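Me: I am new to this structure and would like to learn how to read it. Could you walk me through its features one at a time?

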There are 2 protein chains.
Amino acid sequence: MAEETGALPSRTDFSAWYNEVIRRADIMDVRYPVKGLYVWYPFGFALRNHTYTLLRSLLNRDHEETLFPLLIPETEFMKEAEHIKGFEDEVYWVTHGGLSPLDVKLALRPTSETAIYPMYALWVRSHADLPLKLYQVVNTFRYETKHTRPLIRLREITSFMESHTVHTDWDDANKQVEYELGLATEFYRDLGVPIIISRRPDWDKFPGADFTMAIDAVMPDGRTLQIGTVHHLGDHFSTTYNITYEDVNGEQKLASQTCFGISERCIAAIIAVHGDDKGLVLPATVAPTQVVIIPIIVGKRGDEIMAAVEKLESELKAAGLRVKTDARDMRPGAKYYHWELHGVPLRVELGPRDLDNNQLVCANRLGVKTTIPRENAADSVKRLLDEAHDQILEKAEDHLSSHLKTVKTVDECNQSLEENIVIVHWCGEKACADKLEELTNSSLLGTGVRSKYVVDDEGPCIVCGKPGKTALVGRSY
Amino acid sequence: MAEETGALPSRTDFSAWYNEVIRRADIMDVRYPVKGLYVWYPFGFALRNHTYTLLRSLLNRDHEETLFPLLIPETEFMKEAEHIKGFEDEVYWVTHGGLSPLDVKLALRPTSETAIYPMYALWVRSHADLPLKLYQVVNTFRYETKHTRPLIRLREITSFMESHTVHTDWDDANKQVEYELGLATEFYRDLGVPIIISRRPDWDKFPGADFTMAIDAVMPDGRTLQIGTVHHLGDHFSTTYNITYEDVNGEQKLASQTCFGISERCIAAIIAVHGDDKGLVLPATVAPTQVVIIPIIVGKRGDEIMAAVEKLESELKAAGLRVKTDARDMRPGAKYYHWELHGVPLRVELGPRDLDNNQLVCANRLGVKTTIPRENAADSVKRLLDEAHDQILEKAEDHLSSHLKTVKTVDECNQSLEENIVIVHWCGEKACADKLEELTNSSLLGTGVRSKYVVDDEGPCIVCGKPGKTALVGRSY
């Protein structure tokens with residue numbers, strides 16, 4: 001089909017812009033005939049694959065990959081009371097095999113604690129088996145009744161990375177929580193996506209966890225998107241599923257656990273945080289095509305130029321870069337439009353003048369133009385890609401820092417929330433948080449805020465005036 | 001947990017051997033509390049990942065990867081009559097979301113034609129959109145009532161590669177069938193697994209296909225395992241789902257389609273075809289560890305040897321090899337046992353004598369020992385891995401060719417089937433096939449047999465004596 005042209009909706013109308021970019025840039029097709037289920041286009045799936053290859057490479061330093069079944073028998077699923085309460089409204093149930101009703105209903109995993117931990121109980125025997133650090137990348141399911149949105153709110157989460165670790169004690173598990181947060185920080189830095197980490201309030205923690213650390217990104221309209229969580233599970237699940245080990249003294253001890261999840265919301269963050277009025281802006285770390293070469297054919301030197309382009313392409317590929325040449329018979333402007341829409345980090349033009357001058361004209365996706373010598377082009381291109389990455393990260397950091405507002409009153413808070421994440425002081429009482437959330441139509445995201453733009457200190461509670469600590473308030477997707 | 005030692009069951013009792021190898025070599029844990037669902041151990045999953053990386057690299061020459069939803073609405077699933085008939089007894093149905101019954105039941109995909117083709121109907125408009133060649137690697141589900149077995153007969157097939165192509169006409173689709181068969185042949189050659197291709201009889205073709213080409217491997221006991229299928233779908237599904245295109249003359253035409261599937265049975269084939277009394281024998285193409293280095297520490301030169309081992313390891317890794325050093329404090333024999341069980345293609349020993357002589361002692365998994373010079377070790381190791389691959393392929397070819405028997409009578413057929421695949425002549429009548437299958441407790445696998453060991457010719461039908469053609473008969477897993 002012919003490519004649609006014409007301007008994208010403005011990014012100030014984030015929903016309209018996002019839906020249109022998802023469609024036009026070939027990320028997903030939303031026309032699948034079930035609400036909340038979407039189809040990955042090949043281009044979107046290539047972006048997904050590069051992103052998860054990056055995530056796996058970070059995890060593989062310290063974890064091993066595994067795979068557990070999708071279907072969880074009701075008998076196992078129903079063992080952990082808090083966990084059930086958290087999920088009972090949104091679990092899909094398989095009740096029939098063929099035409100026969102099943103003896104035991106099977107849940108489609110909303111997350112895999114109740115599939116994995118009965119097996120961990122078999123695997124963990126001795127302190128020598130610990131720590132145990134496994135992860136899987138799987139599809140998970142939630143019966144969402146809210147408004148669904150590609151990559152953000154789904155009934156089938158197609159790409160959920162869930163890590164599950166087991167430790168001898170609470171402190172060792174807590175170190176793992178910090179390790180996983182560091183890993184997530186590195187992952188998002190590689191994607192150029194600035195994050196804020198905070199500890200979710202108790203009423204918003206993972207069902208069955210001691211506490212939940214959450215990773216939020218800020219969207220173009222100042223709303224937040226939760227793009228990762230690390231949970232300290234303490235011994236809640238190990239008690240329920242009997243995950244015990246023999247310690248060095250021969251005594252049986254309960255293990256302590258963590259879990260850590262990142263879904264395809266990481267792709268939503270890449271799209272939303274970096275995108276602009278021309279479409280996607282992809283970090284080179286995960287862009288399916290990092291460099292597009294556009295031959296500029298004018299006059300009679302077409303063959304000569306195409307030969308030079310082919311040589312350049314194979315040189316860049318040999319250097320490990322993902323390169324495409326766009327030799328289609330159409331005007332360069334239409335090609336620029338296409339590759340900008342798809343977020344390609346660097347465009348390299350090669351025409352007669354460049355041939356004569358032994359040079360290449362490069363333009364990165366933010367519009368920065370550089371002329372580089374033809375000699376050692378691969379090294380120069382890699383440098384330009386690194387610089388482009390720094391530029392998109394800096395732009396995203398600027399956006400985040402300019403959308404963080406510290407306020408002292410509920411009125412100010414309400415007003416600032418229109419376009420920002422808000423920093424307040426809060427006494428820690430649920431009643432005050434409830435009141436603030438109700439008056440400002442927002443969520444108290446967390447405390448113990450970790451961000452270079454936020455000072456974690458003390459001050460009077462924004463609601464009751466009693467002594468309080470720094471807390472993050474936002475409107476979330 | 002301490003590693004179990006002691007002999008494996010004999011391979012002549014294939015089921016006992018297979019189950020024990022799957023467990024001891026850390027492929028899968030069968031103790032998950034639902035029949036037919038298994039857990040991948042990290043080692044097994046690493047083998048799975050390398051195998052599917054290979055498969056993807058072959059597919060990516062000609063196809064693009066994509067991903068469609070798992071859940072198929074009953075309304076779409078029920079459109080193709082033959083297809084429904086083929087699957088109605090074995091589809092899992094999701095009937096509830098949370099506590100609420102769903103308006104439209106959702107099938108867990110047993111295969112994805114009915115999920116993908118409604119979208120293809122939207123995507124295909126013009127001859128310029130064709131051919132369309134996409135694939136996905138997904139989990140699929142069958143409510144198996146037969147005896148289940150890891151990697152072979154499952155309720156959740158965790159790793160189903162399904163390719164779905166669309167073409168302007170039947171002939172172009174038929175060329176694609178041949179292309180996919182070539183691709184599967186290359187894949188299995190890279191795994192060292194000899195295959196036989198044949199055309200399944202009409203009553204055994206894929207529900208909704210014009211015809212089915214099947215790929216079979218032979219197990220140690222002479223039974224066959226179907227490890228891939230390519231289906232020519234003709235216009236059955238394009239009629240049902242209205243996949244049409246405008247041809248060069250502006251006329252609307254029905255498209256022609258193919259699909260092609262390979263499941264984790266490819267891993268079962270690797271294990272079953274190559275394994276021996278010591279455990280796994282893995283082809284280097286997909287072995288998670290291709291080379292294990294065993295330092296032989298005798299006398300006082302431990303530090304010197306370990307330094308040499310580290311240098312060797314980094315040299316081999318730099319050459320792109322997957323290498324591990326086993327420096328555990330245990331006797332070399334126990335290490336050999338461990339790595340042989342896990343099928344590592346090449347063991348390299350490095351002790352004081354090797355240090356003095358600037359050499360390395362290598363043993364491949366089939367027991368062939370070679371001493372190589374330390375200089376340019378990576379090149380020599382790669383050569384030894386190639387030779388090892390040739391050796392396991394040759395061994396497997398010998399097994400296949402010696403388990404193919406041509407017979408003339410039903411009695412001979414019955415007797416030969418105890419340990420072999422059998423070649424007969426068959427008139428093509430279903431009645432004769434039914435009779436043969438009943439009398440010999442076997443399946444007529446197919447005609448148009450492609451194998452260098454089988455002559456596809458004519459002769460009297462083994463049942464009725466009328467003119468017939470070569471057909472393959474076997475007992476299948």
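Reply: Happy to! Let's start with the area hidden where two chains meet: buried area is the accessible area (1.4 Å probe) that two parts lose on being put together, summed over both. Here chain A and chain B bury about 4,700 Å² between them, and 66% of this lies on carbon and sulfur atoms. Keep in mind that this is a predicted model, in which local features need pLDDT of at least 70 and side-chain atom pairs count only at pLDDT 80 or more, while totals for chains, interfaces and linings use all residues. Residues are numbered from 1 along each chain as its sequence is written, chains are lettered from A and ligands numbered from 1 in the order in which they are written, and side-chain values use heavy atoms, leaving out hydrogens and water.

Me: Which strand gives the largest share of the side of chain A that touches chain B?

Reply: Helices (H or I, at least four residues) and strands (E, at least two) are DSSP runs, numbered from the N terminus. The largest share, 6 residues, comes from strand E5 (residues 92-97) of chain A. That side of chain A divides into 33 nonpolar, 8 polar and 12 charged residues. In this scheme Ala, Val, Leu, Ile, Met, Phe, Trp, Tyr, Cys and Pro are nonpolar, Asp, Glu, Lys and Arg are charged, and the others, Gly among them, are polar.

Me: How does E5(A) run relative to strand E5 of chain B, parallel or antiparallel?

Reply: Two strands pair if DSSP finds at least two bridges between them. E5(A) and strand E5 (residues 92-97) of chain B are joined by 5 bridges and run antiparallel. For example, A:Tyr92 has B:Gly97 as its bridge partner in E5(B).

Me: How many residues of chain A are in contact with chain B?

Reply: Contact means heavy atoms within 4.5 Å. By that rule, 53 residues of chain A touch 53 residues of chain B. The copies meet through the same surface, because 100% of the interface residues of chain A are also interface residues in chain B.

Me: Which peptide bond of chain A is cis?

Reply: Most peptide bonds are trans, and most residues other than glycine have a negative phi. The bond from A:Leu130 to A:Pro131 is cis, with omega near -5°. A:Pro131 sits in the loop between helix H5 (113-123) and strand E7 (132-141) of chain A. As for phi, A:Asn242 has a positive value of about 60° although it is not a glycine.
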